[in-house]
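Please prepare a short report on the fold of this protein chain and on selected side-chain contacts within it.

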Amino acid sequence: MTVIALPDIAAELNFSAEALLWVNIIYMMSFVAFSLPFAKIISQYGVKKSTKISLLLLFFSILISVFSINDIMFLLSRLMQGFSAAILAISLYVIIVEEFEDSEIGSALGVVSSTGYIGLLIAPVVMGFAIFLLNWKFAFLMVLPIIAVLLILLNRIDYEWSTEKRPVDNKGSLIYVVMMCLFTYGMTILDEIGIVFVVVSFILFILLVKVEKNVPEPIFNFKLLKDVK
C-alpha cells in the first residue's frame, strides 16, 4: 500500500528518483533475507514472544516513518518493517501448524492466504482514501490501533508455542542473509558494482550449498529438492 503514498512521501522528504525506488525494494529485501533464518529461530525460542517483539518493532518503525526528516531515516524504517513482517509471516504459519490437526492445516493455510490477498486488494483503496482526505502520515498511523489490539490479544494468551530446541545454523543464516542482500542490491543497479555484487552472491550461494551439506540442522535443506522416487 506504500506505493499509493510514494508521490506525497517523495515531495515531503525530497526523495531522489533512485532513493524512491528503494522504498519498496528495501522492504522486500529485508523480508526475503530474514524470512528463512527466522523460520527456524522463532519456532524454537517462542512464537508468542517473537510475535510480540515483531509487533512492537513494527509499531515503532511506523512511527519512525511518520516522523522521518529525510529519505535515509524513512528507508531505515522500511528496513525495520520488512524485518518485522518476516517474523510475523513465519509466526502465523507456525501457530497454524501447532494449533490445527494435520487434516485441517491445508484448509487453515488456505483461509489465511486468501485473507492476506483480500487485504492486499483492500489496502491500496483504504490508503488512497486516507491520503485523499488527510495525508500519507495518517494512512500510516491507521495501522497502529490494529497493532495495539493484536498486542492486547497476545497478552491474554497464557501459553507459548514452541518446538523442540535444536542447534541454529548461524553460519548458514549469515551467508544466506548477505547473499540475498547483495543479490537484491546488485540486480537493482546492474552497473559495474552491481554486477560484482551479483557475482559475489552466486559465489556465496555455492558456499551456502557446501556449508549446508555438512550441517546437521541446516537452515536450507537442499535434500528437499531431490527427487525422492
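Contact here means that heavy atoms lie within 4.5 Å. The model is a predicted one, in which local features need pLDDT of at least 70 and side-chain atom pairs count only at pLDDT 80 or more, while totals for chains, interfaces and linings use all residues. Residues are numbered from 1 along each chain as its sequence is written, and side-chain values use heavy atoms, with hydrogens and water left out.

**Overall architecture**

The protein chain contains nine helices and zero strands; helices (H or I, at least four residues) and strands (E, at least two) are DSSP runs, numbered from the N terminus. Read from the N terminus, the order of elements is α-α-α-α-α-α-α-α-α. Along the principal axes, the C-alpha atoms fill a box of roughly 55 × 50 × 30 Å. Of the 229 residues, 35% count as buried, where buried means under 20% relative accessible area, exposed over 50%, and partly exposed in between (1.4 Å probe, protein chains only). Among contacts with a separation of 6 or more, 74% come from residues 24 or more positions apart.

**Packing of α2 against α8**

Two packed helices are described by the angle between their axes and the distance between the axes. Axes are lines fitted to C-alpha atoms, for helices over the stretch in contact, and angles run from 0 to 180 degrees between N-to-C directions. Helix α8 spans residues 170–189 and packs with α2 at an angle of about 155°, the axes being 9 Å apart. The two helices are therefore roughly antiparallel to each other; angles under 35 degrees count as roughly parallel, over 145 as roughly antiparallel, 65 to 115 as roughly perpendicular and the rest as oblique. The crossing of α2 and α8 is right-handed, a crossing being left-handed if the near helix is turned anticlockwise from the far one by less than a right angle, and right-handed if clockwise. On the α2 side, the residues that meet α8 include Trp22, Ile25, Met29 and Phe34. Their counterparts in α8 include Tyr176, Met180, Cys181 and Tyr185.

**Aromatic pairs and the salt bridge**

The whole structure holds 11 aromatic pairs. Rings of Phe, Tyr and Trp (its six-membered ring) pair if their centres lie within 6.5 Å; planes under 30 degrees apart count as stacked, over 60 as edge-to-face and the rest as tilted. Two of these pairs are listed below.

| Pair | Centre to centre | Angle between planes | Geometry |
|---|---|---|---|
| Phe15 and Phe74 | 5.9 Å | 90° | edge-to-face |
| Phe74 and Phe140 | 6.2 Å | 65° | edge-to-face |

Phe15 lies in the loop between α1 and α2 (17–45), and Phe74 in helix α4 (residues 71–99), 59 residues apart. The second pair links Phe74 in α4 to Phe140 in α6, 66 residues apart. Phe15 and Phe74 are buried, and Phe140 is buried as well.

Side chains of opposite charge can pair when their charged atoms come close. A search of the whole structure finds one salt bridge, defined as a side-chain nitrogen of Lys or Arg within 4 Å of a carboxyl oxygen of Asp or Glu. The salt bridge joins Lys137 and Glu12, with an N to O distance of 3.0 Å. Lys137 belongs to helix α6 (residues 136–141) and Glu12 to helix α1 (residues 2–13), so the pair ties together parts that are 125 residues apart in sequence. Both partners are partly exposed: Lys137 has a relative accessible area of 26%, and Glu12 has a relative accessibility of 41%.

**Individual residues**

Leu141 is also located in helix α6 and is partly exposed at 32% relative accessible area. Its C-alpha atom is separated by 7.6 Å from that of Leu63, 78 residues apart along the chain. Not counting residues up to four places away in sequence, Leu141 touches Leu63 and Val66.

Ser201 sits in helix α9 (residues 192–213) and is buried, with 2% relative accessibility. Leaving aside neighbours within four places in sequence, Ser201 is in contact with Met179, Leu182 and Phe183.

Most residues other than glycine have a negative phi, and most peptide bonds are trans. Asn14, by contrast, has a positive phi near 55°. Asn14 lies in the loop between α1 and α2 and is exposed, at 63% relative accessibility.
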